[in-house]
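Please look over the sequence and the structure shown here before reading on. The paragraphs below are meant to be read with both in view.

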Amino acid sequence: QVQLVESGGGLVQPGGSLRLSCVASGSIFSFNSMGWYRQALGKQRDLVAAITSGGITTYADSVKGRFTISRDNAKNTVYLQMNSLKPDDTAVYYCNRDPAFTWYGSPYWGQGTQVTVSS
């Protein structure tokens with residue numbers, strides 16, 4: 001079974017915080033680097049944070065110092081703690097393997113979770 005289920009999004013004021021969670025099936029999660037991607041309206045989907053199976057993290061410059069990615073290997077779950085949120089962070093957030101998992105040759109994505117930063 002292939003599964004990616006994101007949760008935790010919502011509406012938050014600028015400067016606020018949110019914590020996203022993603023449960024993935026073992027075929028995607030186990031022993032793989034995982035990432036959080038985001039896609040704003042009318043823009044391409046970009047990787048904003050990634051974590052290796054051993055816990056090494058990397059971040060896009062736009063979120064460095066504000067976002068923290070983590071993972072619980074026992075629960076096949078990856079998290080994204082987002083602090084000091086800005087309106088430019090508004091997007092649908094997805095988790096996936098890094099690079100993205102493919103299913104029958106096409107990238108496989110979950111439903112994502114909407115994050116809206118607005119006053």
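What follows moves from the chain as a whole to some of its strands.

This is a predicted model, in which local features need pLDDT of at least 70 and side-chain atom pairs count only at pLDDT 80 or more, while totals for chains, interfaces and linings use all residues. Residues are numbered from 1 along each chain as its sequence is written, and side-chain values use heavy atoms, with hydrogens and water left out.

The protein chain holds one helix and twelve strands, where helices (H or I, at least four residues) and strands (E, at least two) are DSSP runs numbered from the N terminus. Read from the N terminus, the order of these elements is β-β-β-α-β-β-β-β-β-β-β-β-β.

Along the principal axes, the C-alpha atoms of the protein chain fill a box of roughly 40 × 30 × 20 Å. The radius of gyration of the protein chain is 13 Å, which agrees with a compact globule, because a globule with 119 residues would have a value near 14 Å; this radius is taken over C-alpha atoms, and the globule rule is 2.2 Å times the number of residues to the power 0.38. Of the 119 residues in the protein chain, 40% are buried, a term that means under 20% relative accessible area, with exposed meaning over 50% and partly exposed lying in between (1.4 Å probe, protein chains only). Among the contacts in the protein chain with a separation of 6 or more, 57% come from residues 24 or more positions apart, a contact being heavy atoms within 4.5 Å.

Strand β4, residues 34-39, is mostly covered, since five of its six residues are buried. Strand β4 pairs in the antiparallel sense with strand β5, residues 45-51, over six bridges; two strands count as paired if DSSP finds at least two bridges between them. Within this pairing, W36 has A49 in β5 as its bridge partner. The hairpin of β4 and β5 has five residues between the strands, and there G42 takes a positive phi near 80°. Strand β4 also pairs in the antiparallel sense with strand β9, residues 91-97, over six bridges, and G35 stands opposite N96 in β9.

Strand β1, residues 4-7, has a covered face made of L4 and E6 and an uncovered one made of V5 and S7. In a regular strand the side chains alternate between the two faces of the sheet. Strand β1 runs antiparallel to strand β3, residues 18-24, to which four bridges join it, and S7 stands opposite S21 in β3.
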